[in-house]
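Subject: A structure for you to explore

Hi there,

Here is the structure I promised to hand over. Have a look at it first, and then read on for what turned up.

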Amino acid sequence: MPVPDVTIPHPATAAGPTTDTAAERERILEVADLHVDFATAAGLVRAVDGISYSLGTGEALAILGESGSGKSVGVRALMGILRDPNSRVRGSVRFHGEELVGAGDGLLRRTRGERIAMVFQDALSALNPVMSVGDQIAEMFRTHRGMAWGDGRRRAIELMERVAIPDARRRVDAYPHQFSGGMRQRVMIAMAIALDPEVLIADEPTTALDVTVQAQIMELIMELRQERRMSLILITHDVGVVAEVAERLIVMYAGRIVEHGATLDVYDAPGHPYTRGLLASIPQLDQRTDRLDAIQGTPPDPLAMPPGCAFHPRCPFVEAVCRVDVPPLRAVQPDRDSACHFAEAVIDAG
Amino acid sequence: MRAEPLARRGEVLLRVEGLVKYFPVRRALGLWTTETVKAVDGLSFELRRGETLGLVGESGCGKSTLARVLMLLEPPTSGRAMFDGRDIFALNRRERFDLRRRIQVVFQDPYDSLHPRMTAEQLISEPWEIHSDVVPRRERPTRVRDLMERVGLNPSRARDYPHQFSGGQRQRIGIARALALEPDLIICDEPVSALDVSIRAQVLNLFRTIQADLGLTYIFIAHDLSIVRQVSDRVAVMYLGGIVESGEQAAVYDHASHPYTQALLSAVPVSDPRQRGRRTRILLAGDPPSPTNPPSGCRFRTRCWKATQLCADEVPALVDRGQGHPAACHYASELPSVASAPNVEPGAPPGPSAAAGRQASRPT
């Protein structure tokens, strides 16, 4: 496996406890001030407006946000798969120190699929409808590893068995439309892990699936992550899924990161009013409440962003300064960043 | 709005008896063979005025077909549905016309269900073009404003088109449109699934407020169990065209006694990272079987870790076997209820049946 054997121990860990906290891991992926703009007929849309984060070896990072928050566009930009000719990507994405933004096809091809792989929400449109699933998995080995036809097919069957597709030997020749949604998602996961990537990016991998199938797929992803020591970036709108799998969490709103921290800390005491509102508004399974704590208003129109903090028209903590100054993302606690002028007060409010 | 529904709260509004809906499918594979999709296969339930019945189940369980049959969009294969004492499948044209006013629907997708070239005002008043006696023509502009206010839309936006509204606001237009005909029953088919997470709570609260104010009755169809719990008085869990468990929401959620309900509840991610690894999760293997060829006996038995020969031989009736509410499982009274998620005490060992379920049903 291409997992780097060179881990640089942080000086503090040598003597300290062996807990593998986020700060001590080698940062393999570093995103700095990433911008993605779309030129539309109605004006410039800043879909991603300067986000920075990093991913450590073996880490499970979630990017939580609603539609239009930029969570998905951001990772597509870093994978170099934004095909829209009206899009413009600026900033820096370094993978093991190598710059991916603006990199040539050679480097991208060696990285994408090979070292960073991606699983999409909609397996039906991500898979080729006129190619058997076995061929699509085997194609990974044939193109990237120059493997012979028969070997590729054999590896495809092994992988299909690994992702628990029943009767793999027979179904290797079946086409995507002959699979259920859950099984198609397994095929896509098989393709993603085929070349032993270091990083798996899962973009809403379970959103289109039924509840019981969602649980199966998340379980499979987490199992594979452990088994292959992959880092995971999970893009989701589901607060529950984040709670179950992510060690660290980035919350995005209107193209920016509004909060970042360890999942436990953020859920215990959110440091941004948006995170706080989102967590409070989630209907609970274990009890019925008379009234849900809804966030008021709606997300801003990307063509008419409010001045100051983008969340201020919906924010219960709003003050005059919020309407004028854009709050920068700043460290408010150890290993916790928030883009709120009053982050400390929000955390104290619990 | 009429006060009548409020006064009659608690009466049985709808009684569905043995409802069956099969769809024929023809396949050209060598021979022309005719198969039948058993989308709804013998459903019975009761709905009282002013209450909300939540229907949960995964895709293909028949919940949307049931809604379509009750809206008279599809004729049933057999069975009855007594609405206010009359079988809705045995009505003449005039009575059907009236019934279509009394049962309204709110659809899942507020993007597809509103005509893009009609203003909010036109959309909300359109139902009166057909049912012209509900609101006299000269009162309509005022009534549109009232309806917009009731669903939380600013009446000053009456002349705006759907694309000028956000998803949540569009769903509010859909709700105002359903209310326009002063229905008794609103069938809500996944009404918040297409909305952003931060908007869902607003719309769910709106549904509850309107119900309290107008005494409306809801059938609330959704796949999200947490949402169904928040809005429903009673819940029916569906699997492959049948109800497997039903009862008061607290009974079904806190004392789930059908293995499928237990698995469904345990599959819901819990939004508390401290519960991670402390819950007993029943992982069902595979997908539901095809409704064209459901298993004999209990339809869930092919994925059930408790299944015995009896389950293959006999269809379990939806009855109370001592567990306090009806469940269609031969062993409903013997299955200790798997605590619905976070009720498991930290560090407490999982129950014996749950542990067995996990082993038996986990995909290998």
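Into which domains is chain B divided? The answer is domain 1 (6-239) and domain 2 (255-340), with bounds that come from an automatic or database domain assignment.

A word on the ground rules before we go further. This is a predicted model, in which local features need pLDDT of at least 70 and side-chain atom pairs count only at pLDDT 80 or more, while totals for chains, interfaces and linings use all residues. Residues are numbered from 1 along each chain as its sequence is written, and chains are lettered from A and ligands numbered from 1 in the order in which they are written.

Back to the two domains of chain B. Their centres, taken over C-alpha atoms, are separated by 28 Å. Twelve residues of domain 1 of chain B are in contact with twelve residues of domain 2 of chain B; two residues are in contact if their C-beta atoms, placed from the backbone, lie within 7 Å. On the domain 1 side, β2 (31-48), α9 and β9 of chain B each supply at least two residues, and β2(B) gives the most, with five residues. Helices (H or I, at least four residues) and strands (E, at least two) are DSSP runs, numbered from the N terminus. That side of domain 1 divides into six nonpolar, three polar and three charged residues. Here Ala, Val, Leu, Ile, Met, Phe, Trp, Tyr, Cys and Pro count as nonpolar, Asp, Glu, Lys and Arg as charged, and the others, Gly among them, as polar.

As a whole, chain B has 13 helices and ten strands. Of its 364 residues, 49% count as buried. A residue is buried if 20 or more other C-beta atoms lie within 10 Å of its own, exposed if 12 or fewer, and partly exposed in between, with C-beta atoms placed from the backbone.

Nine of its nine residues are buried, so α11(B) is largely enclosed by the rest of the structure. Among them are B:Pro259, B:Tyr260 and B:Leu264. The buried residues of α11(B) pack against α9 (211-228) of chain A, together with α9, β9 (234-239), β10 (242-248) and α10 (249-254) of chain B.

Next, the place where the chains meet. The contact takes 42 residues from chain B and 42 residues from chain A. On the side of chain B, the elements that give two or more residues are α8 (197-214), α9 (225-231) and α11 (259-267). The largest share of that side, seven residues, comes from α8(B). By class, the side of chain B that touches chain A has 19 nonpolar, 15 polar and eight charged residues.

There is also a nonpolar core to find, meaning a set of buried Ala, Val, Leu, Ile, Met, Phe, Trp, Tyr and Cys residues joined through C-beta atoms within 7 Å. The largest one has 201 residues, and those that touch the most other members include A:Ile137, B:Phe220 and B:Val237. Helix α8 (residues 181-193) of chain A gives the most to this core, with eight residues. Not counting residues up to four places away in sequence, B:Val237 touches B:Tyr260, B:Thr261 and B:Leu264, among others.

Happy exploring!
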